[in-house]
Amino acid sequence: MALLAACRACDAAGLTTLDWVADALTALAEGRPLPPPFDDDARMWQTLATDPRVPDRTVGRAVPPERPPFRPPLSPGDHGLHPEEAAQAVVGPAAAVARTVTAQAQPLPAVAEPPAADSTPPTVMISIGRPDPSLRISQPHAALPAVTGAAESDPLQAAFDAMYAAVVTYGEDYPALLREVWSAIEGRRS
């Protein structure tokens, strides 16, 4: 899956005709370490910036479909019924008591562990609402992390990293990528 994602990302970005990208994809397919410039992040980005053959392609952001907000379980045995929902499910004389208890409930405080002294402080990006459709992403810049991600030694991490980069590379057309990957997975099951 990681190899498929890396190949599709590079193809969507128009990079597969570049010899240095084709060599990296071949190395991935053969299970070899990535060749230069992919063996050094700074050199990889410099090569992308200086190669005049790199296409100038952009894509809109991949926006997931609308879905209801996630509500974590309140306890290990909780099966998804939250106080608000439970209060609405109670009928008869007990309904007034259930609504009162729910209204008085306090949310649990968020607890965050401080970062270790020798670690890099975490970075958080928060967006409110849907992404701005006018913001465009460079497909070649989004595709290269699919190649380096697919080279991870842990196969699960490689699949996640490469697929994430491929989805970003496809942008608003990400459902086509997911359909193709799902089809390939289904084909391997048969």
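Reader: Leaving aside its neighbours within four places in sequence, what is Asp51 in contact with?
Author: In this predicted model, Asp51 is in contact with Leu18 and Trp20 once those neighbours are set aside.

Reader: How many residues apart along the chain are Asp51 and Leu18?
Author: They are 33 residues apart along the chain, and their C-alpha atoms are separated by 9.1 Å.

Reader: Where is Asp51 placed?
Author: Asp51 sits in the loop between helix H3 (41-50) and strand E1 (58-60).

Reader: Buried or exposed?
Author: Asp51 has a relative accessible area of 12%, and under 20% counts as buried, so Asp51 is buried.

Reader: Changing topic to H6. How many of its residues are buried?
Author: Nine of the 12 residues of H6 are buried. Among them are Pro140, Leu144 and Val147.

Reader: What covers them?
Author: The cover includes helix H1 (2-12), helix H2 (19-30), H3, E1, strand E2 (136-138) and H7.

Reader: And how do the axes of H6 and H7 cross?
Author: The axes of helix H6 (residues 139-150) and helix H7 (residues 155-170) cross at roughly 170 degrees and come within 7 Å. Angles over 145 degrees count as roughly antiparallel, so H6 is roughly antiparallel to H7.

Reader: Which residues make the contact?
Author: On the H6 side they include Gln139, Ala142 and Pro145, and on the H7 side they include Asp161, Val168 and Tyr170. By class, the contact has 11 nonpolar, three polar and one charged residues.

Reader: What does H6 reach from its first C-alpha to its last?
Author: H6 reaches 17 Å, close to the 16 Å expected at 1.5 Å a residue.

Terms used: Residues are numbered from 1 along each chain as its sequence is written. This is a predicted model: local features need pLDDT of at least 70, side-chain atom pairs count only at pLDDT 80 or more; totals for chains, interfaces and linings use all residues. Side-chain values use heavy atoms; hydrogens and water are left out. Helices (H or I, at least four residues) and strands (E, at least two) are DSSP runs, numbered from the N terminus. Buried means under 20% relative accessible area, exposed over 50%, partly exposed in between (1.4 Å probe, protein chains only). Contact means heavy atoms within 4.5 Å. Axes are lines fitted to C-alpha atoms, for helices over the stretch in contact, and angles run from 0 to 180 degrees between N-to-C directions. Angles under 35 degrees count as roughly parallel, over 145 as roughly antiparallel, 65 to 115 as roughly perpendicular and the rest as oblique. Ala, Val, Leu, Ile, Met, Phe, Trp, Tyr, Cys and Pro count as nonpolar, Asp, Glu, Lys and Arg as charged, and the others, Gly among them, as polar. The expected span of a helix is 1.5 Å times one less than its number of residues.
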